[in-house]
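Here are my notes on this one, jotted down as numbered points. Have the structure open while you read.

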Amino acid sequence: MIYLDHGATTRTAPEAVTAMQEYWEKQYGNPSGVYEFAGESKKAVERVREQIAESLGALPEEIYFTGGGTESDNWAIKGMAAMHPEGGHIITSQIEHHAVLHTCKFLEQRGYSVTYLDVDERGMVSTKELEKAIRDDTFLISIMFANNEIGTLQPVEEIGKIAKKHGICFHTDAVQAYLHVPFQVNQMGISMLSASSHKFHGPKGVGFLYIRKGIEIENLLHGGGQEKRKRSGTENVPGIVGMGKAVELKMQNLRQDIGYVKKLRNYMLERLFREIPYIRLNGESQKRLPGNINVSFQFVEGQSLLVMLDMEGICASAGSACTSGDKGISHVLSAIGLREDLARGTLRFTLGTDNTKEEIDEVIEHLKVMVADLREFSDDYQSIKVGY
Ligand SMILES: *Cc1c(COP(=O)(O)O)cnc(C)c1O
């Protein structure tokens with residue numbers, strides 16, 4: 001198998017699996033217990049909190065463990081909305097993950113008002129448009145750090161400055177960016193940040209929400225009062241430990257990993273553009289996630305290409321895992337104004353540190369043949385060929 005779908009999820013690092021094993025089999029104490037055995041679980045959880053805080057330039061008490069990116073996004077947005085029971089205004093973008101978009105839609109149905117900022121053809125939010133959209137009753141700006149489909153990095157630092165200037169809370173969905181691009185929350189002016197362990201070689205179903213000290217949001221989950229009474233539910237100790245190990249591994253090698261993945265990505269791009277005609281790269285060319293390639297193959301059905309790749313054991317995705325099941329085209333590709341036929345011929349390859357140059361060479365060789373074969377079935381392509 002050749003796995004080029006790291007944007008959907010990543011392999012749990014073997015070191016993380018080993019670290020988790022102990023907390024399933026031996027150190028299974030409930031962190032809320034008062035005896036020493038439980039204290040070991042508590043200590044493990046607090047160690048990871050410190051580690052994550054350090055990776056972000058934050059304080060340990062600003063990190064809250066959650067069940068992943070979706071929960072963190074829901075909590076940040078609904079929790080802040082609940083602090084404004086009289087209603088009010090949220091600014092987000094059209095290309096957010098559904099965990100943000102559907103949460104905003106839910107709030108609209110309950111009387112809040114939401115502005116979904118347009119993006120340009122590279123998928124970039126305009127900070128001018130953002131500033132124009134701010135109203136007296138705007139209480140939250142939620143703009144993603146990096147887009148999961150096209151990899152575009154938003155001008156987060158500038159957004160942070162604007163939010164600060166207007167005294168508005170700034171939440172960012174950094175699920176794709178955290179441990180894939182280096183940043184610190186203070187430098188970026190971020191008030192709340194969502195992250196998910198399975199996007200950086202940790203286990204699934206665990207993540208965190210960073211909430212800057214002084215910012216108050218309502219709880220999403222009520223119960224036993226864990227996480228300083230803000231997120232109830234017995235801590236996912238093995239998951240948190242696994243996530244901590246993944247953070248540790250990533251932090252040790254961040255620059256090298258980014259360099260390696262970017263080089264491999266650029267190599268793949270180069271070969272794609274040199275060897276396959278009628279293709280286009282979607283998203284920003286420079287301000288982009290290191291491992292992301294989102295490319296439209298003209299005169300090709302993306303779904304057919306995906307199936308053919310799958311038969312060769314190559315995993316890629318059409319748009320994103322959350323849209324590839326739908327008939328409709330991706331909301332992100334629509335938002336950047338991509339023509340419908342091109343959107344339908346679009347694949348996303350997301351590379352990781354596990355990938356090798358040999359794998360990329362193999363994928364390119366297959367793609368060349370598959371794309372050429374599929375184009376034989378395209379009337380539009382045939383008429384172009386006749387035109388020559
Ligand atoms: C994967 C992803 C999520 C959802 O995270 P889960 O942990 O799978 O719930 C949210 N936002 C972005 C940008 C993502 O890529």
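1. Salt bridges come to a count of 25 here. Bear in mind that this is a predicted model. As a reminder, side chains of opposite charge can pair when their charged atoms come close.

2. Now for a pair across the chain. Glu71 bridges to Arg231, closest N and O atoms 2.7 Å apart. Glu71 is in helix H3 and Arg231 in the loop between helix H8 and helix H9, so this pair ties together parts 160 residues apart in sequence. Both residues are buried.

3. Arg271 and Glu365 also pair up, with 2.6 Å between the closest N and O atoms. That links helix H9 to helix H13, 94 residues apart. Through shared partners, salt bridges join Arg271, Arg274, Glu275, Lys357, Asp361, Glu365 and Lys368 into one network. Arg271 is buried at 9% relative accessible area, whereas Glu365 is partly exposed at 39%.

4. Away from the charges, have a look at two valines. Val34, in the loop between helix H1 and helix H2, is exposed at 84% relative accessibility. Together with Tyr28, Tyr35 and Phe37, Val34 forms a nonpolar surface patch of about 500 Å² accessible area.

5. Val114, in strand S4, is buried at 12%. Beyond its sequence neighbours within four places, Val114 contacts His89, Ile90, Thr92, Cys104 and Glu108.

Methods
Residues are numbered from 1 along each chain as its sequence is written. This is a predicted model: local features need pLDDT of at least 70, side-chain atom pairs count only at pLDDT 80 or more; totals for chains, interfaces and linings use all residues. Side-chain values use heavy atoms; hydrogens and water are left out. Patches are made of residues with over 30% relative accessible area and no salt bridge: like charges are joined within 9 Å, nonpolar side chains (Val, Leu, Ile, Met, Phe, Trp, Tyr) within 5 Å. Accessible areas come from the Shrake-Rupley method with a 1.4 Å probe; for residues, only the protein chains shown count as cover. A salt bridge is a side-chain nitrogen of Lys or Arg within 4 Å of a carboxyl oxygen of Asp or Glu. Helices (H or I, at least four residues) and strands (E, at least two) are DSSP runs, numbered from the N terminus. Buried means under 20% relative accessible area, exposed over 50%, partly exposed in between (1.4 Å probe, protein chains only). Contact means heavy atoms within 4.5 Å.
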